[in-house]
Amino acid sequence: MEKYDLLIIGAGPAGLTAGLYAGRYRIKALVMGALVGGLMTEAFKVCNYPGVEEISGLELTEKMKSQVLDLGMEIKEDEVGSLKKEGDWFRVKTQSGEEFLAQTLLLATGTRHRKLELPDEEKFLGRGISYCATCDGPLFKDKIVAVVGGSNAAVTAALFLAEVADQVFLIYRKDKLRAEPIWVEELEKKDNLETIFNTNVIGMKGQKNLEEIQLDRAYQGKKELKVDGLFLEIGTVPSAALSQPLAVETDENGFIKVDQSGETNIPGVWAAGDITTGSDKFMQIVTACGEGAVAARSIYLYLKGGKK
Amino acid sequence: MKMTLTDQNFDKEVLESEIPVLVDFFALWCAPCRMIDPVIAELAEEFQGRIKVGKLDVDKNPETVQKYGVMSLPTLVFFQKGMVVDQLIGVQSKPVLAARIERLLTPGGHS
């Protein structure tokens, strides 16, 4: 059975950066993730990654991925099925049925999109509801769409959609968007984009596809808004499915607690990226990369046989 | 082996096919589509002769996209004798896809 010094679970920016450093440290590591790039692949334009003026999430993913592969590292598109500590090793079985042993683990599984948890939300998924503007937006050419949220993700989704859709409504529950001011300035330039504040979506209707959403506050005299698409950018929740089996300590929201080296409470287990409480929980590509690098170094020193 | 499907060849390659066809609606900018690409390719090999597999670029073929109401990517649509018999939206694992294909090939076993 294959034995790895390190298994990096998650192939987003944290996992890929850890893979990069692990490669340079000549650690026998495997990077494994459901989707290489993770949430980064959904980013329309990334303008706040240092050294890169503007790049799409997909392109940045390709660059990070090539850099890791060029070191001879392996990246597997797969997920952990089961995980067990056996003496000094972690026995891992993947969803596709492969099995191997790893001496250390780095949990970099990131987060998933939060849902509104409304009835019919599942029904309209892929039939008007989407959690990814860059994935599905172009299919709404010349249509009317709404985006729910006030973050960078929500505002950039609205900006992206404004380029294809006929009309975009950005609906936010508070009275001020929390996106970077520089993005908010861009919103104001779009003629086909309206921001609706202090409002929540509380229902949805449609025969087969989404046709209408219900608001909790009237907009232009009506609480119903006719839309063809609804894009939800209301935050993310940790993909911490592995925390429990490993008995890794998390905060009350499920984010993995780490020290400044990325170590968790379980010996041999580190965590990095959006999944952690690190970097003041500021979930950015750059902070995920930073945490991935720090964790990789800590793991390298641990494997070498002595802490710093 | 995957066929390249277009608005122009869709009728002939899919609707007029004797054997079932799995149509993969994708776009070049769609990361999840790229993720299932190798899985679809493997299934095309494994089920060769029993089903046909084709890919349709949604950016280049708006007619077919409109006709089948594709609103999310990836969307996988199963056709049999010119009719839609099953559909899957979003990323799917190989075991799930294989099971759906098997179900389609079982006499009387499609949804």
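**Close-ups of a predicted two-chain model**

**View 1. Where chain B meets chain A.** About 1400 Å² is buried between chain B and chain A, with carbon and sulfur atoms giving 64% of that area. On the chain B side, the residues that lose the most area to chain A are B:Trp29, B:Met35 and B:Met71, which together make up 47% of what that side buries. Counting contacts, 13 residues of chain B touch 18 residues of chain A. Keep in mind that everything shown here comes from a predicted model.

**View 2. The salt bridge, and what surrounds it on chain B.** Zoom in on B:Arg34 and you'll find it paired with A:Glu62 in a salt bridge, the closest N and O atoms being 3.0 Å apart. The count of salt bridges between chain B and chain A is one. As for polar contacts, three residue pairs turn up between the two chains, both partners being at pLDDT 80 or more. Which elements of chain B each supply at least two residues of the side that touches chain A? They are helix H2 (31-46) and strand E5 (83-89). H2(B) gives the largest share of that side, with four residues. Sorted by class, the side of chain B that touches chain A has ten nonpolar residues, two polar ones and one charged one.

**View 3. A:Ile266 in its loop.** This residue belongs to the loop of chain A between helix H6 (243-246) and strand E17 (269-271). Is A:Ile266 buried or exposed? It counts as buried, because its relative accessibility is 18%, under the 20% cut-off. Setting aside neighbours within four places in sequence, A:Ile266 is in contact with A:Leu246, A:Ala247 and A:Val248. Take A:Ala247 from that list: it lies 19 residues from A:Ile266 along the chain, and the two C-alpha atoms are separated by 7.4 Å.

Key:
Residues numbered from 1 in each chain as written. Chains lettered and ligands numbered in written order. Predicted model: local features only at pLDDT ≥ 70, side-chain atom pairs only at ≥ 80, totals over all residues. Heavy atoms only, no water. Buried < 20%, exposed > 50% of the residue type's maximum accessible area, 1.4 Å probe, protein only. Contact = heavy atoms within 4.5 Å. Buried area = accessible area lost by both parts, 1.4 Å probe. Salt bridge = Lys/Arg side-chain N within 4 Å of Asp/Glu carboxyl O. Polar contact = N/O pair within 3.5 Å; in protein donor to acceptor, adjacent residues only side chain to side chain. Nonpolar A, V, L, I, M, F, W, Y, C, P; charged D, E, K, R; others polar.
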